[in-house]
Amino acid sequence: MAKSLFAAALLLAPALAVPAPAPAPQVTTPASFGPDSQVSASVQPSTTGYRLEYLENGYSSATYHGPYTGTPTTVGAVPGPTTLAASIPPQPLNPTATYYNTKGAPLHPMPAPYTPAGGLGTNGSLPRYMVNSDFDYESISLGLYQEWIELDLFHDGLARFTDEEFTAAGLGPEARSLIQFMADQETGHSTLLTNMLGETAPKQCVYNYPYTTVREWVDFMQRVTRFGESGVWGFINHLDSREVGQLLAQSIATEARQQMIFRQMSGLTPMDVWFENGWPQSWAWTMLAPYISYCPENTTRLAWQNFPTLRILNNANINRYSPNDTAQDGSETVGPRIADPSRSNLTTGSCENLNVTGYGCGPAIAHNKSEPLSFPGKKVLFQWEAPGSAVGPNNSYVTSTSAGAPKFVGWSQQLNLTYSPLTVTGNNTGYTYQPKGFVYGGDGIINGTMAIMLTDLDLFVTPFNTSLLNPHIVALGLYQAG
């Protein structure tokens with residue numbers, strides 16, 4: 001019956017115009033795409049602040065990347081005039097945080113049409129885009145150290161590797177052009193942060209990188225941009241200068257896109273969480289400092305802490321089609337530093353050129369892995385350093401901890417900081433099992449590139465006060481969960 005009614009409706013409907021056939025596709029390649037001089041332009045001088053070497057492939061990089069070989073003249077994080085307490089204790093809820101709207105409409109008089117009461121920096125005063133406290137100054141200085149290394153790092157791989165090596169890694173000229181554009185973005189970001197700091201802003205340094213292949217370079221960049229992005233989300237809403245926070249948000253939104261793109265180029269899924277995680281400044285500085293070798297004389301130093309490194313011995317190798325086959329002794333990470341990438345020069349089990357859905361890991365818009373990099377219940381093996389190692393620019397910072405013996409493993413991802421018990425097996429070695437949990441619905445707590453740490457206490461913290469955990473951190477690491 002339904003079929004006959006549908007047929008009758010077709011008979012009663014007005015005739016439809018038959019569209020003209022589409023023109024045949026153009027198959028000849030145009031010899032010219034128009035004049036190159038339609039838009040006026042001029043060559044702008046370089047503002048990188050270090051001597052460049054121009055290579056045959058047309059890209060440029062710093063003339064030296066390697067370790068520091070001298071003797072530091074200054075040691076330790078920069079101190080203040082005095083330190084008022086050993087730590088900041090947790091406090092009760094802010095007594096003025098009482099607003100709750102049960103009417104679904106504004107409760108207070110509006111200061112102007114279409115302008116609800118409240119907000120910060122909304123009274124019409126002229127914005128001042130400068131840091132406004134020691135907290136602001138040290139936070140933005142850390143951000144500038146981050147922008148400087150990214151500017152150098154993005155350029156370095158383009159200059160270091162040949163066109164043939166990029167092609168073998170699945171990255172053609174257009175992908176390299178995109179990376180070049182991201183490097184150019186860092187010129188703008190470093191200029192912005194320098195302007196908000198003033199004349200004592202940190203300068204660009206010399207860096208020591210861990211990679212030897214294109215895939216390791218791209219993997220390293222997805223890790224560096226992870227702590228670059230998360231390190232800002234952790235402090236941005238604590239800044240005294242709301243104006244600085246506004247401009248910083250507009251730059252870190254770009255950083256988030258960079259991290260996603262580098263994940264795609266690494267063969268990882270571009271987005272695997274519902275919420276990005278924010279980290280305290282000392283976490284980001286701990287991860288960044290080991291890759292800075294030299295800084296110019298009188299470069300502004302930072303006040304943040306450097307934690308001992310936590311190595312994940314069986315951190316999943318992203319270049320394996322079966323990540324569970326990753327060696328258990330740390331040998332599939334290129335080195336011992338905290339954010340070192342996975343080894344790509346595998347003799348067996350590589351997913352790099354494997355064109356099989358669920359197992360291949362070449363550059364792509366998205367991948368779904370049939371075998372995940374990690375999973376709830378995975379036994380995770382650890383080895384951690386004792387405090388007292390020289391790290392960072394000119395080996396002039398020293399790792400430290402005020403925590404007691406490690407008892408827990410903290411997993412910081414999305415909106416949560418989750419703990420699992422640590423089993424100590426020897427001298428600075430141990431293991432735990434990856435916990436299971438959900439943020440909302442089926443969104444697993446643990447995924448992506450994330451911070452992991454050993455602690456002496458399972459202190460309850462939330463995204464806005466995570467830094468309260470710092471006095472209890474024994475060692476800090478970077479976990480490749482997905």
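Predicted model: local features only at pLDDT ≥ 70, side-chain atom pairs only at ≥ 80, totals over all residues.

Trainee: OK, how many disulfides turn up in the whole structure?
Mentor: Two. A disulfide here is a pair of cysteine sulfur atoms within 2.5 Å. Cys-205 and Cys-295 make one, with their sulfur atoms 2.0 Å apart.

Trainee: And where do Cys-205 and Cys-295 sit in the chain?
Mentor: They are 90 residues apart and tie together distant parts of the chain. Cys-205 is in the loop between helix H4 (173–197) and strand E3 (206–207), while Cys-295 is in the loop between strand E4 (292–294) and E5. Helices (H or I, at least four residues) and strands (E, at least two) are DSSP runs, numbered from the N terminus.

Trainee: Is that link left- or right-handed?
Mentor: Right-handed, with 95 degrees about the S-S bond.

Trainee: Switching topic: at what angle do H2 and H6 pack?
Mentor: About 35 degrees, with the axes of H2 (residues 134–160) and H6 (residues 242–265) 13 Å apart. Axes are lines fitted to C-alpha atoms, for helices over the stretch in contact, and angles run from 0 to 180 degrees between N-to-C directions.

Trainee: Which residues make the contact?
Mentor: Among them are Ile-140 and Phe-154 of H2, and Leu-248 and Phe-262 of H6. Contact means heavy atoms within 4.5 Å. By class there are five nonpolar, two polar and three charged residues. Ala, Val, Leu, Ile, Met, Phe, Trp, Tyr, Cys and Pro count as nonpolar, Asp, Glu, Lys and Arg as charged, and the others, Gly among them, as polar.

Trainee: Now the holes. How many cavities of 30 Å³ or more are there?
Mentor: Four. A cavity is a set of points on a 1 Å grid over the protein atoms alone where a 1.4 Å probe fits but cannot get out, and lining residues have an atom within 4 Å of a point.

Trainee: What lines the largest cavity?
Mentor: There are 13 lining residues, and the closest to its centre are Ile-312, Asn-315, Thr-333, Arg-337 and Ile-338. Strand E5 (residues 310–312) gives the most to that lining, with three residues. The lining divides into six nonpolar, three polar and four charged.

Trainee: And the volume of the second largest cavity?
Mentor: About 80 Å³. Its lining includes Arg-226, Met-271 and Asn-447.

Conventions: Residues numbered from 1 in each chain as written. Heavy atoms only, no water. 1 Å grid on protein atoms, 1.4 Å probe; cavity = no way out; pocket = protein on both sides within 12 Å on 5 of 7 lines; lining within 4 Å. Points joined across faces, edges and corners; volume = space filled by probe spheres on them.
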